[in-house]
Amino acid sequence: MKTDGAGSSSFDGSSVRVLELFSGIGGMCMASQRAGFGSVVSAIDINPVANQVFSHSHHPAKGVLKARNINSLAPRDFADVDALLMSPPCQPFSRNGNRLDLSDPRTEPLSQVTELLRTAETIPKMILLENVKGFESSDACSCLKEVLKSRGYSLQEFLLSPNQVGIPNSRLRYFLLAKTAVFSFQHSASIFLELPVKSAVPATDLPRLKDFLGEAFDRANSDLSLRLKSKDVERYLPVLDIVTGDCRRSCCFTKSYGHFLEGTGSIVSLNVDEPRPALRFFSPEEVALLMGFPPEFSFPESVTRKQRYRLLGNSVNVVLVAELLKLF
Ligand SMILES: C[S@@+](CC[C@H](N)C(=O)[O-])C[C@H]1O[C@@H](n2cnc3c(N)ncnc32)[C@H](O)[C@@H]1O
């Protein structure tokens, strides 16, 4: 593997061995495949439903997916790993989770990873971390960056959204890239608001939702179980973010989508010209596509719609993460 020229055209990621922590439904795993990285040698998550979906969609070799608590990770778990990809729980850093930062028990597994990065003899050459906007000003982030610098990593931070890589969806997220060599693109202490290698796609060039979603859009239009109840429409209409198939945007889908209506993601209007438009939720299939998952991604039958929205809302945008991985 080339370790100097990050993002250079000669970079061959195919031999990179990936460790995916907090693997959920495997968004990072899909991104690493898309970026041409080698195999995921280990994926670790404690959630049995997420692990079921990961197995269903990735068919990992025996022993790759581990239902394990990351608090129990040991230095040997970093042995033979080139790239560490992770999106730790975001509640300790989000408004809804009260921003308890390091005093929130849900930060413990990230603190354990930070401690291992401080002490382990063998450390990954590349690290990508994803979290909510706000993480960058947390103590957990400062601790991690301090440890990484002390171990000789070059760091670059980003605040990016999928609509900057051609996807009609907003999901502003913080990303930290760290590598044991220098990045080829010029970097500074500040947080990048654009990818260095590809300028943002103008909003007018984004595809229309119905074109981007294709047959999934038509399927969802005819699925009556996705329609909002009229009592909910009456009550929540003023706070809904309503889009049509001709729109080139949609709001971030959270894990509460389909359950709560306010601020959890956009709603589709089917007949805009009528005084009382028929409104529907985006289907989990559509949300997956807007999260950059490939069309062949699917859930096991046994996973409920509510669980699907929850898992997708916790995941990452695959296309955006893949673009970031290419910077290594
Ligand atoms: C933000 S989600 C990451 C989702 C993932 N990137 C994806 O594509 O689906 C955080 C994940 O961390 C897992 N998790 C939280 N605490 C954990 C722990 N102590 N040990 C292992 N996994 C944990 C949760 O089950 C959840 O799937």
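In which strand does Ser154 lie? Ser154 lies in strand S6, residues 154-160; helices (H or I, at least four residues) and strands (E, at least two) are DSSP runs, numbered from the N terminus. What you see is a predicted model, where local features need pLDDT of at least 70, side-chain atom pairs count only at pLDDT 80 or more, and totals for chains, interfaces and linings use all residues. Residues are numbered from 1 along each chain as its sequence is written, and side-chain values use heavy atoms, with hydrogens and water left out.

**Starting with Ser154**

- Ser154 is buried, with a relative accessible area of 12%; buried means under 20% relative accessible area, exposed over 50%, and partly exposed in between (1.4 Å probe, protein chains only).
- Its side chain reaches the backbone oxygen of Ala181 at 2.9 Å.

**Around the ligand**

- Among the 17 residues around the ligand, Ile25, Asp45, Asn69, Ser87 and Ser315 come nearest; a residue is near a molecule if one of its heavy atoms lies within 4 Å of it.
- Ser87 has a side-chain N or O atom 2.6 Å from a nitrogen atom of the ligand.
- Sorted by class, the shell holds six nonpolar, nine polar and two charged residues. Here Ala, Val, Leu, Ile, Met, Phe, Trp, Tyr, Cys and Pro count as nonpolar, Asp, Glu, Lys and Arg as charged, and the others, Gly among them, as polar.

**Aromatic rings**

- A search of the whole structure turns up ten aromatic pairs. Rings of Phe, Tyr and Trp (its six-membered ring) pair if their centres lie within 6.5 Å; planes under 30 degrees apart count as stacked, over 60 as edge-to-face and the rest as tilted.
- Phe93 and Phe135 are an edge-to-face pair because their planes stand at 90°, with ring centres 4.8 Å apart.
- This pair links distant parts of the chain, 42 residues apart: Phe93 is in the loop between strand S4 (83-86) and helix H3 (108-119), and Phe135 is in the loop between strand S5 (126-132) and helix H4 (139-150).
- Phe93 is buried at 3% relative accessible area, and Phe135 is buried at 0%.
- Phe135 also forms a tilted pair with Tyr174, at 5.6 Å centre to centre and 45° between the planes. Tyr174 sits in strand S7 (residues 173-179), 39 residues from Phe135.
- Elsewhere, ring pairs join Phe253, Tyr257, Phe281, Phe282 and Tyr309 into a cluster.

**A charge over two rings**

- Arg280 lies over the face of Phe217, 5.1 Å from the ring centre, and over the face of Phe282, at 5.9 Å. A charge sits over a ring if NZ of Lys or CZ of Arg is within 6 Å of the ring centre and within 35 degrees of the ring normal.

**Backbone angles to look up**

- Most residues other than glycine have a negative phi.
- Phe22 has a positive phi, near 55°; Phe22 is in the loop between strand S1 (18-21) and helix H1 (27-34) and is buried at 12% relative accessibility.
- Asp80 has a positive phi too, near 60°; Asp80 is in the loop between strand S3 (65-67) and S4 and is exposed, with a relative accessible area of 55%.

Note on methods: A polar contact is a pair of N or O atoms within 3.5 Å; within protein, one must be able to donate a hydrogen and the other to accept it, and residues adjacent in sequence count only if both atoms are side-chain atoms.
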